[in-house]
Amino acid sequence: MSDHSNLRIASQVIHAGQHAEPVTGAVMPPIFTSTTYAQESPGVHKGFEYSRSHNPTRYALERMIAKLEGSTIAEDTDPSCGGFAFASGLAAMATALELIDAGSHIISMDDIYGGSNRLLQKVRQRTQNLDIDFVDLTDESKLRAAMRPDTAMLWVETPTNPTLKIVDIARVAQIAHEVNPKCLVVVDNTFCSPVNQRPLQHGADIVMHSSTKYVNGHSDVVGGILITGKPEIAERLRFLQNAIGSVMGPFDSYLTLRGLKTLDVRIRRHNASALRIAKHLEASELVDRVVYPGLESHPQHSVYKKQMEATGGGGTGMITFFIKGGLEPAKAFLETVSIFTLAESLGGIESLIEHPAIMTHASVPPEQRAVLGIDDALIRLSVGIEDCDDLIADVDRALEAASAKMGAMAG
Ligand SMILES: *Cc1c(COP(=O)(O)O)cnc(C)c1O
């Protein structure tokens, strides 16, 4: 049976790791809700005992995402080919952290998703006694200074949220593995999806997704994924997924697999529209600065070119920009847009807009926000797949409203 891992990614998102259901030939996997499976004789069964441990619908999703991220673990070695689905992105992260022992040293990118930061600092520091260093991984010398022979995990997020810094995965994985070959390098790939970036190819040991975002893509399922290409890590993750039990349910697995089938076409539109809008904003005199991987002005544009796929645009649908005049014009912009919905989250088919300093990153102390560059003028866009001309008209109306506010402030 072909596993389709030789195909291009636009074909893989339809076929990788999928087979017709053996009894009926159903092309899409049924939603297997049964919690338990009949056994012929004690311990004699078809590979399925209890649904937390084994679920065919979840396996179908897990095999697909594992193959998209480039895992080569065969299905006869591991039923889900090194992919593991969880109830949320943070449940996936919490399970990954169980790979390391109490008291371990861990280095994390300084600018990570707020909930990931909270899990490390407010939970695992207390319950797992983790010794955590937050480091700007775009600066190699800072990583070299922080790495220790016993550093157990390097937690990378790239591009980061919301300042879209890009970490050179190959470089940081190489440095970490030089100092400690056993250091687990984990990359949160949520902002890219495997269509735009495949961290295993660059030397990461594990990829994590909040599948709530681009992977499912329809803003209707919360979920998380871990993928590894190493059989020994897959074996440990399989044990932990079952032992901890924060698994993705069969309905959510089905919906996420359904969402994945259109990943390539969705991402192409997200990327193309975001690149156009980023250029449009960069050309506006009402905007101080635009941060977008596909723009030459991005501080790590050269890393973007080597590490990410442009895929019809600029490598992601996420744009960050700083509007002139600070908070009041920013608010006017956010209140005026009508296609972009003012809301947290990202990566769905609908365009969203948010103000990190007041919304998603309000829990980050103001001093730390200043260090990370999250100021009151910063606006984050998640560009959806609507007609881009409509989105640009929406942005232009909001810029006019912001400009009127700036004029009123000056006058
Ligand atoms: C949303 C998000 C998470 C957390 O995932 P949930 O599915 O909300 O638990 C982690 N990392 C990044 C980059 C995210 O955007």
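In this predicted model, lysine 142 forms a salt bridge with aspartate 139, with 3.9 Å between the closest N and O atoms. Lysine 142 is partly exposed, its relative accessible area being 41%. Aspartate 139 is also partly exposed, at 27%. Elsewhere, salt bridges with shared partners link Glu140, Arg144, Arg171 and Glu178 into one network. Over the whole structure, a search finds 18 salt bridges.

Two further pairs join segments that are separated in sequence. The side chains of arginine 238 and aspartate 78 meet in a salt bridge of 3.0 Å, N to O. Arginine 238 belongs to helix α8 (residues 231–244), whereas aspartate 78 lies in the loop between α2 (56–68) and β1 (83–86), so this pair ties together parts 160 residues apart in sequence. Arginine 238 and aspartate 78 are both buried. In the second pair, the side chains of aspartate 110 and lysine 165 form a salt bridge at 3.7 Å, N to O. Aspartate 110 is in the loop between β2 (105–109) and α4 (114–127), and lysine 165 is in the loop between β4 (151–157) and α6; the pair therefore ties together parts 55 residues apart in sequence. Aspartate 110 and lysine 165 are likewise both buried.

The domain assignment divides the protein into domain 1 (9–260) and domain 2 (263–410). Their centres, taken over C-alpha atoms, are separated by 28 Å. In the interface, 37 residues of domain 1 are in contact with 39 residues of domain 2. The two domains bury about 3,100 Å² between them, of which 56% is on carbon and sulfur atoms. Within domain 1, Ile166, Asn196 and Tyr214 lose the most area to domain 2, together accounting for 24% of what that side buries.

Polar interactions also cross this interface: 24 residue pairs are in polar contact, both residues having pLDDT 80 or more. On the side of domain 1 that touches domain 2, α1 (9–15), α6 (169–179), α7 and α9 (250–260) each supply at least two residues. The largest share, 4 residues, comes from α7. The residues of this side comprise 17 nonpolar, 14 polar and 6 charged.

There are 2 salt bridges between domain 1 and domain 2. Arginine 198 is situated in the loop between α7 (193–196) and β6 (206–210). The side chain of arginine 198 meets that of glutamate 309 in a salt bridge of 3.3 Å, N to O. Because its relative accessibility is 15%, arginine 198 counts as buried. Beyond residues up to four places away in sequence, arginine 198 touches Ile9, Leu68, Glu69 and Glu309.

Terms used. Residues are numbered from 1 along each chain as its sequence is written. This is a predicted model: local features need pLDDT of at least 70, side-chain atom pairs count only at pLDDT 80 or more; totals for chains, interfaces and linings use all residues. Side-chain values use heavy atoms; hydrogens and water are left out. Buried means under 20% relative accessible area, exposed over 50%, partly exposed in between (1.4 Å probe, protein chains only). Contact means heavy atoms within 4.5 Å. Domain bounds come from an automatic or database domain assignment. Buried area is the accessible area (1.4 Å probe) that two parts lose on being put together, summed over both. A salt bridge is a side-chain nitrogen of Lys or Arg within 4 Å of a carboxyl oxygen of Asp or Glu. A polar contact is a pair of N or O atoms within 3.5 Å; within protein, one must be able to donate a hydrogen and the other to accept it, and residues adjacent in sequence count only if both atoms are side-chain atoms. Ala, Val, Leu, Ile, Met, Phe, Trp, Tyr, Cys and Pro count as nonpolar, Asp, Glu, Lys and Arg as charged, and the others, Gly among them, as polar.
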